[in-house]
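Here are a few friendly notes to read alongside the model. Take them one at a time, and keep the 3D view open as you go.

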Amino acid sequence: MGLDEQLQAERDRRTADEAVRLAYEEVFTTLSTNGFLPSVLPEEATFPDFVLPDTEGRLVSLASRLARGPVLVQFFRGEWCPFCRLMLDALVGALPEIEAAGASLMALTPDIGPWAREAKRNHGAMFDVLSDVDCGVGLAAGVVFRIPPIYRARLMRAGIDFADRHDNGAEFLPIPAVFLLDADGRVAWRFVNVDFTRRAAPERILSALRRLTAPERE
Amino acid sequence: MELTQVRYFVALSRLLNFTRAAEACNVSQPALTRAIQRLEDELGGPLVYRERNLTQLTELGRAMLPHLDAMLAAADNAAALAEARRRQPMASLKIGLGPGVGASAIAGAVREIATLMPDLMVRFEEAAAAMLVESMLSDMLDCAVLPADCALPERFNHWKLYEEGAVAVMPPQHRLANAASVTAADLNGEVLLHGERCGGFAQALYAACDGAFRLRRCDGGTGHMLDLVAAGLGIALLSERMAVPSPLVTCRLAEPPLSREVRLAAIAGRPQGPAVAGFIKLCRAGRGL
């Protein structure tokens, strides 16, 4: 089963509960109508260079990864999110092909310390998992939003403690957008959807990457 | 949310004047006003009251300000560290260490900043919490690593770093030196050295149980106390994260566990260079490492 089908099955299972469906709808509707989308960094824009800590306590810079070739910057919400877990597994599966195309993958989460390490470990992720502490890089990319109240209440009931996971009381999250940057750091392609149950499947990422790296046709 | 919207809002919240905020941000006033309106649309309500002669933050504005300010600082720091990586400016890190707090847990974060900025100068100051707070207020220290039970004034930010337990430090020939762990009962008949810089573990143990051991006061540096341990004057109880020179051996105190939380503190809202902000970010991201 591909990522899209897995996500669909997970979405169907969860939204069978009407309260969950309404909480999800609140996020989708809010972000589609409150002017959030135009803030997201567009194609052709230069992704701002950044340095962030990884799960091993080392600083990793975007520029150092761009020096090797194109970079995929994938925002994710955290290991608490079932859709992120499916996506991370899919990315782990796609990593050999991403690397074969000369690209690197950087996955950014607002989760700190033990929670970011848990995500890296649970998926055996061999790519960079970085803590975007206080969502700074997410803000620079325009992907951060304030969690709306019904959805927030839902997550709190589920025991997800963002104050602890994010090490702040802000209650901001990124949409799980992915940006494909060319070696100059420009956004060559991006996947942006306010519906966090929909993600860029590896086939779409790889096809965008191949378009970027394929030798130009005569 | 957009970076410029947040930047304009933070500037406006400091100046409480649209004209001056627009000047400070180098934009036209209508552009600043539009950006703030868009941020208000996104955050779901007005952030500022606009009255003829008075600009004030609303309750939502006041509630959001510290979070937006921290997010903006994080964005600027991620970019400033990238810039520092290219330019390698001079930088310094002045770190306070509370009683009985070693530097081993934060040494990795210092290494990362020094790798990025090779001319980094590091200074540690070991002192009582109140002294470290004073030093931070007078800008002699950038931040401090402190046990969580130390009182901090309201204008300080603090972040949990780790929980730590205690170890008994003894010479290699001690009867308990080969034990996997010790309990309070094992320490019966022993002399426990304690002082102002050993983290209060010995007093906590003394208070927690009626152990038949004696306390011997030994103030001053931890290194000197460990010299006395090596000479057989007694056992020291220190944080398990404290580096202990050989041939001394450490043995985990299993019962009672005497664990304490250690946190990083810095003054809220004080401008920080990339080295300091990056160091704090590394420490937070590395919680529990």
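1. Two residues count as in contact if their C-beta atoms, placed from the backbone, lie within 7 Å. This is a predicted model, where local features need pLDDT of at least 70 and side-chain atom pairs count only at pLDDT 80 or more, while totals for chains, interfaces and linings use all residues. Residues are numbered from 1 along each chain as its sequence is written, and chains are lettered from A and ligands numbered from 1 in the order in which they are written.

2. Where chains A and B meet, 36 residues of chain A and 32 residues of chain B take part. On the side of chain A that touches chain B, H6(A) is the top contributor, giving four residues. Helices (H or I, at least four residues) and strands (E, at least two) are DSSP runs, numbered from the N terminus.

3. That side of chain A divides into 20 nonpolar, 11 polar and five charged residues. Here Ala, Val, Leu, Ile, Met, Phe, Trp, Tyr, Cys and Pro are nonpolar, Asp, Glu, Lys and Arg are charged, and the others, Gly among them, are polar.

4. Now look at the sheet: five strands of chain A form an open sheet with mixed pairing, in the order S5-S4-S3-S8-S9. Strands S5 (128-131) and S9 (187-191) of chain A each have a single partner strand, so one side of each lacks a neighbour in the sheet. Two strands pair if DSSP finds at least two bridges between them.

5. Strand S4 (residues 104-109) of chain A runs parallel to S5(A), joined by four bridges. In one of these strands, S5(A), A:Val129 is the bridge partner of A:Ala107.
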